[in-house]
Amino acid sequence: MEKPSHPTILSKKPLAHTRVFKVEGLEIEYPNRTRVQFERLVSSAEGAVLIVPLLGDDLILIREYAAGVGRYELGFAKGKIDPGESWREAAEREAREEIGYRPQSLAQLDTVTLAAGYMSHHTHIVLAEELVEDPAEGDEPEPLEVIRWPLKNWADLLAHPEFSEGRAYAALLRLLHHLNRV
């Protein structure tokens with residue numbers, strides 16, 4: 001009998017559910033027959049979008065309070081994909097709500113995970129171009145600060161103390177690769 005090439009999930013059970021988080025317990029058996037218990041945060045199947053808006057030669061960033069780290073963070077517009085919504089629809093909606101622009105051109109640069117060892121979450125990194133002013137009301141608790149950042153100063157952005165989220169780093173590097181700048 002051939003051994004499985006990857007671990008087998010033997011059982012799943014809900015452990016906790018809040019307004020935002022769902023925690024699931026897993027029993028996993030590895031090909032060497034070792035059994036372990038894991039806990040993971042389960043996200044929606046749709047995931048999220050992170051939008052990298054380009055307006056001319058400038059990135060459009062937002063500065064918003066990040067409760068997880070207890071300070072303001074500089075980054076890109078982002079948000080969850082609502083049930084029944086495509087990544088394109090979510091990216092357009094979030095861009096309008098968070099930076100006040102509707103992109104005429106959207107391209108998916110990549111899909112990344114967060115802490116894949118214990119989270120099921122995935123984020124689509126989306127390049128937004130041909131931006132037209134068209135703000136929409138969002139669900140943020142305070143107005144977001146919108147900042148134009150010259151793309152040529154990308155190294156300064158990476159060094160900025162408020163630019164620390166891993167998804168934002170990945171998005172910037174995917175954009176630079178897409179534009180053949182790295």
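## Labels and their cut-offs

Visitor: What covers the buried residues of α3?

Guide: The cover includes β4 (48–55), β5 (58–66), β7 (77–80), β8 (101–113), β9 (122–133) and α2 (154–159). The model is predicted: local features need pLDDT of at least 70, side-chain atom pairs need 80 or more, and totals for chains, interfaces and linings use all residues. Numbering starts from 1 along each chain as its sequence is written, and side-chain values use heavy atoms, without hydrogens or water.

Visitor: What makes a run of residues a helix or a strand here?

Guide: Helices are DSSP runs of H or I with at least four residues; strands are runs of E with at least two; both are numbered from the N terminus.

Visitor: How do you know that the span of helix α3 agrees with its 13 residues?

Guide: The expected span is 1.5 Å times one less than the number of residues. For α3, residues 166–178, that gives 18 Å, and the end C-alpha atoms are 18 Å apart, so the two agree. Just after α3, Asn180 has a positive phi of about 60 degrees.

Visitor: Which residues of α3 are buried?

Guide: Buried means under 20% relative accessible area, exposed means over 50%, and partly exposed lies in between (1.4 Å probe, protein chains only). In α3, Arg167, Ala168, Ala171, Leu172, Leu175 and Leu176 are buried.

Visitor: Why does Glu64 count as buried?

Guide: Its relative accessibility is 18%, so Glu64 falls in the buried class. Glu64 sits in strand β5.

Visitor: What joins the side chains of Glu64 and Lys78?

Guide: A polar contact of 3.1 Å. The term needs a pair of N or O atoms within 3.5 Å; within protein, one must be able to donate a hydrogen and the other to accept it, and residues adjacent in sequence count only through two side-chain atoms. Plain contact is a separate term: heavy atoms within 4.5 Å. Leaving aside neighbours within four places in sequence, Glu64 is in contact with Arg71, Tyr72, Glu73, Lys78, Glu140 and Leu144.

Visitor: What makes a nonpolar core?

Guide: Buried Ala, Val, Leu, Ile, Met, Phe, Trp, Tyr and Cys residues form one when joined through side-chain atoms within 4.5 Å. The largest has 22 residues, and Val52, Leu59, Leu61, Phe76, Leu157, Leu172 and Leu175 touch the most other members. At least two residues each come from β4, β5, β8, β9, β10 (145–150), α2 and α3. The most come from α3, with 5 residues. Apart from this core lies another, of 18 residues, among them Val49, Ile81, Ala90 and Val126.

Visitor: How do you know that β4 is mostly covered?

Guide: Buried residues make up 8 of its 8. Ala48, Leu50, Val52 and Leu54 point one way; Val49, Ile51, Pro53 and Leu55 point the other. In a regular strand the side chains alternate between the two faces of the sheet.

Visitor: Why are β4 and β9 said to pair?

Guide: Pairing requires at least two DSSP bridges between two strands. β4 and β9 have 6, in the parallel sense. Ile51 has Val126 as its bridge partner in β9. β4 also runs antiparallel to β7, with 4 bridges. There the partner of Ile51 is Ala77.

Visitor: Which hairpins involve β5?

Guide: β4 and β5 form a hairpin with 2 residues between them, and Gly56 in that turn has a positive phi of about 65 degrees. β5 and β6 form a hairpin with 4 residues between them, where Gly70 has a positive phi of about 70 degrees. β5 pairs with β6 (residues 71–75) over 5 bridges, antiparallel.
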